[in-house]
Every structure is written in structure tokens, then in C-alpha cells.
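Trainee: Could you walk me through reading this one, feature by feature? I'd like the general idea each time, then the case at hand.

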Amino acid sequence: MEQNDGGRKTLGPSTTKPLVMDDLSDDILTRIFGFVLGPVRTQEHYINNGITVRHEHMLPTMVSNFDDIQCLPQVCKRWKTIVETSPTLWQKVHVSSSLLRIPRTVTAWMRVFFLLSTHSHKFESLHLTDESCFRDNTLDTLKLGGLAGITQNLKVIHFDHCFHRGANASLLSVLPMMGRLEQLQISSVNHDFISNVAALATMPNLKRIQMHGNGEYWDCDGSTLILAEEVLPRSLEVVSLANVKVMGAEGNLTPLGKLKILELIYIEWNGPFVDTISRVTSLEKLVVADCDKVVSERSGPPEMLWERLSNCKKLSEFQLSNGKYGNFCMNVGHDYSSVAELSNLEEVILCPEAFPPDPDSYGLGADMAGMSRLTTLHVVNFGLTKIPEAITGIQSLTELSLCGNKLTKFPTEPLQFEPHLRIIQLDNNRLREIPPCLGRFPKLQEIHIASNPLLFDKAMEFLLELPFLNLLSLGCAPSGRPSDMFPLASAIQVEDICRELKLDPVGAFHLGSICTGLRCKNPKFQVLL
């Protein structure tokens, strides 16, 4: 401190030494390097027809910036030592030929596996990607040999399109060596792999498996994967399959006794479905999306007896959809009334077709009120012309989707789910107004009502009475992207939006008025136009 002429103390030159990276401890630097490599994230795959396979039931394996593991050691000797000796930086490894700039040569990949071998005792998770593997198979054998030396301690491994024309039976000679493996993901397998997949049954700790067939899988008669303990590890809790042929455990075969989650995306199912799945009594979540079902004398007539799934006492989530592709729902049957017998369900998503069918093409039965745990219900593309009484009596609903139907009006009488509903989706119907009765739903947060011939010819002040409403989705702007708040749009934007929604001046006035009112009530309110 220094004194000026007035005797007051002032701040003088600082004598504190500025903190630099070299002053940080090895532990702090290791934590910083971990942030540099980035978070571990999940991945999505597009397999066909815009169909997406998510990895939400798998532990994430993609390290966002793992390529920086090469750069950090080049800064100084201390950083090199920290990186090479740290156990945490090498727990989750992501090898990508494009990110690490690995040339497609034997020598380059030998260097990669030599580097990995020096740290393999630290590995818990390995994600291996070779984006150029489709060119030829000259490196497949090298990769298998390299993997055999580095995977003994792995708990998680993801082969992400890293073998020419998909993984084959040769990989099955390496996988059983991974005695600690708990999660296996293979983004591309071929017929040869499926034919010999029973080799996996010897892996006692495998809990989660995800397999996708390669692009050629549907081109010829391929092998069928059987969901049985004689074929797959009996320890499995999660099975996610895409682009392969599948059948359940029939006859004397034993169903997977510990299976909790079964996800079938874009697969071809052979044989009876409900009967074989109902034997998996440990099942908690069942997803069948965009699949085909082979109809034959062996598969029998349409099943429709969904109440048999009540044998699965723990089943809480059930999704059955052909929203983008497939004939599964059509070949299983049009009557879903027995779904109401599954009283333990908490989430039900039904979408039997890609487009709205003829009116009332599918049945829901007379009463679903007994489903006291049901909080999420999607009844999409059913051809409904009115909301079935089967739905109106469900008290516990917090989310309801009736998209892709032919509704022209909403019931005016009180509905049992009014006190609890938070999200309602009415997109792609024939509604000409936002139902005024929604003003009675005290907890409503989101209204989705896009792609309806809305006129906005009446005031909608009832929306202002909803205390928690924060989103109103009416469609998309002409640009194809969600528009800004209507009251904040420019005059040209307003004109374009009104033209897009085909509104007359009265409709434009009412829409602008309610949007302004909602924004004044809640500055963060979103109106998507």
C-alpha cells in the first residue's frame, strides 16, 4: 500500500506472482486434461429410411476430443509424464481413424495398437471406429490380432463400423477372451456373425448388447437370431437389435431370464411374438419400432392377445410403432383392446401405420381406466374421429398424444385426466380451433397442435388462465425453422406467417392478440409458428 498527498492509502504495484500452469499440481492438471478430452457422449445411427437407432440404454462410449491425447504430451516433458502415467485419462478410449488421422496402412495401425497396449491395463471402455473400412478387408485381421492383446480388462466395447462388410465369425474368436465385458455394441454385423453368435453364451458378465446388421442383411436369406439362453448370455439385461432377423425362444428353448429391456428396431420377426415375449417375465421395457413380421403357417393367425403380456409383471413401458416403415402392427392384429389388461404399464406408445388410416381402423376397447399407473399415452395414426371413451377415464395421465388422427373436435364434458395432464399433442388432425376446454387443465404446460386447419376466428383468452403454460406449437414458419415469438416478428414475417397459416385478418388479429398476452404474462413463453 502507498499513501498519496492527502494521506489516503492507495493500491500500489502488486507483488503477487501470477499463477501459471506449472504451478498447478499433477492432480489438477490431470483434471484439466480430462475436460480437454471432453465429455463422454452417446451416439445415434441412421440405418435406413431415416430410421434412427439410439443408444439410450447403453453406457456412453464416445469421448468428444480424445484425439487431443496425442497433442498434450507434446507440450512439455511434465505433461507427457502426466498423460502417460494417469489412470483416469485412459479409462475411456475412443479410437477414430479420421479424428486420429490414421492412414489406411498396416504400419499405421500397428503403431496405434502398440500405443494402446502400453495403457491397456487402464482401459474400461473402448470405442473403435474406422470410417474407411468399407474399402477393403486388408486390415480386419490386424485389428482382431491387436484387439486380442488389449481387451482383457475391458468392461465396455463398441465396434463402430470398423470391419469391412461388418463383423463376422472371426470376431467371435476374440470376444470370449474379454471375461470382464459387461457391454458389447457392434454397429455392423453380417450373416456369418449371427450364424455363430452362440459363442457369446460363454461370456458370464455380459449385461448389455446392441447389434445392427450391415447394409446387405436384407438382401438375402440370412440367419435368424434367437432370443434364448442357449444362444445368448443368460446374464443379459438389455438387448437392442436393428436390421437383423429375430425370433423368440420357442419349444424347449429357455427365454432370457434376466432381460429387462428389449429394443427391436427395423428387424424382421419370425414366428409367434406375444407368446414368446410373454415368457420373458423379467421384462420392464419393450420397444418394437418400424419392424416387419413374417406371416406364415408357423407364425399362426394375427395374435392380438396382448393380455398375455400381463405375465410380465414388471413391464412398465410398451412401444409398438410402424410410424416410418414395416408391417409388424398390421400382421399382429388391429385390435389393441387387450392392452388395457396390462395394468402395470406407465408408458404406452402405439402407432400402427405411417399415415392416418381409414376412420377407426384400430380398436382400443371400452375401458383403460384400470391402468392406474399410466402417465404417458400416445395413440398415433389410429384413424380416430373422436377421443375414445377408453382414454377419457384414465386419471393418471400427464402426457397424451393423439397425433395423426382425424379429430374434428374435443370432448366438452369433464375428463378424468384434466387435473394432471401437462403435455397434449394434437398435431396432424382436422381441428379448426384450439379446444377451449383445455382452459380447464390446471397443470397444462405444452400444447402441440400443428398441421391442423386452424382458423383463429375466436378469441383464445382461456389460454391466459393456464398458470403453467409455457409452449404453444402451431406449426413451422415458411423457412422451415421454428419462428421467433409472434409479437416480436417483423411485419414481413407476420405477413408470411399469416399467409402460411392461411389466416384472414380476423384470424391474424386473434393470433397476434393471444401471443402478445402470453408473452406479457411470461416473457419466456414460446410460440412455435
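Predicted model: local features only at pLDDT ≥ 70, side-chain atom pairs only at ≥ 80, totals over all residues.

Trainee: Where does Asn428 lie?

Mentor: Asn428 is in the loop between strand 23 (423-425) and strand 24 (446-448). Helices (H or I, at least four residues) and strands (E, at least two) are DSSP runs, numbered from the N terminus. Residues are numbered from 1 along each chain as its sequence is written, and side-chain values use heavy atoms, with hydrogens and water left out.

Trainee: What is the phi of Asn428?

Mentor: The general idea is that most residues other than glycine have a negative phi. Asn428 isn't a glycine, yet its phi is positive, about 60°. Tyr266 is another case, with a positive phi near 55°; it sits in the loop between strand 15 and strand 16 (268-270).

Trainee: Is Tyr266 buried or exposed?

Mentor: Go by relative accessible area: under 20% is buried, over 50% exposed, and in between partly exposed (1.4 Å probe, protein chains only). Tyr266 has 5%, so it is buried. Asn428 has 41%, so it is partly exposed.

Trainee: Now helices. Which residues of helix 2 are buried?

Mentor: A general point to start: an α-helix has 3.6 residues a turn, so residues three or four places apart point the same way. In helix 2 (residues 77-85), the buried ones are Trp79, Ile82 and Val83. Down the axis of helix 2 they fall within an arc of 95°, so they line one face; the arc is that of the directions from the helix axis to the C-beta atoms. Lys77 and Thr85 are exposed, on the face turned away from the buried side.

Trainee: What do the buried residues of helix 2 pack against?

Mentor: Helix 1 (26-37). Contact here means heavy atoms within 4.5 Å. There's an aromatic side to this too: rings of Phe, Tyr and Trp (its six-membered ring) pair if their centres lie within 6.5 Å, with planes under 30 degrees apart called stacked, over 60 edge-to-face and the rest tilted. The structure holds 9 such pairs. One of them is Phe33 with Trp79, edge-to-face at 5.0 Å centre to centre and 65° between the planes. That pair links distant parts of the chain, since Phe33 belongs to helix 1 and Trp79 to helix 2, 46 residues apart. Phe33 counts as buried at 1% relative accessibility, and Trp79 does at 13%.

Trainee: Which residues of helix 4 are buried?

Mentor: In helix 4 (residues 140-148) they're Asp140, Lys143, Leu144, Gly146 and Leu147. Their arc is only 165° around the axis, which puts them on the same side of helix 4. Their cover includes helix 3, strand 8 and strand 9 (156-160).

Trainee: And Ser120, what is it in contact with?

Mentor: Ser120 is in the loop between helix 3 and strand 8 (125-129). Setting aside neighbours within four places in sequence, Ser120 touches Gly149, Ile150 and Asn153. Ser120 and Asn153 are 33 residues apart in sequence but 7.6 Å apart in space, C-alpha to C-alpha.

Trainee: How much space lies in the largest pocket?

Mentor: Definition before number. On a 1 Å grid over the protein atoms alone, a cavity is a set of points where a 1.4 Å probe fits but cannot get out, and a pocket is an open set with protein on both sides within 12 Å along at least five of seven lines; lining residues have an atom within 4 Å of a point. Grid points are joined across faces, edges and corners, and a volume is the space filled by probe spheres set on the points. The largest pocket comes to about 740 Å³. It has 31 lining residues, and Arg54, Ala289, Gln319, Ser321 and Ile349 lie nearest its centre.

Trainee: Which helices each supply at least two residues of the lining of the second largest pocket?

Mentor: Helix 2 and helix 3 (106-117), and helix 3 gives the most, with 5 residues. That pocket has about 420 Å³ of space.
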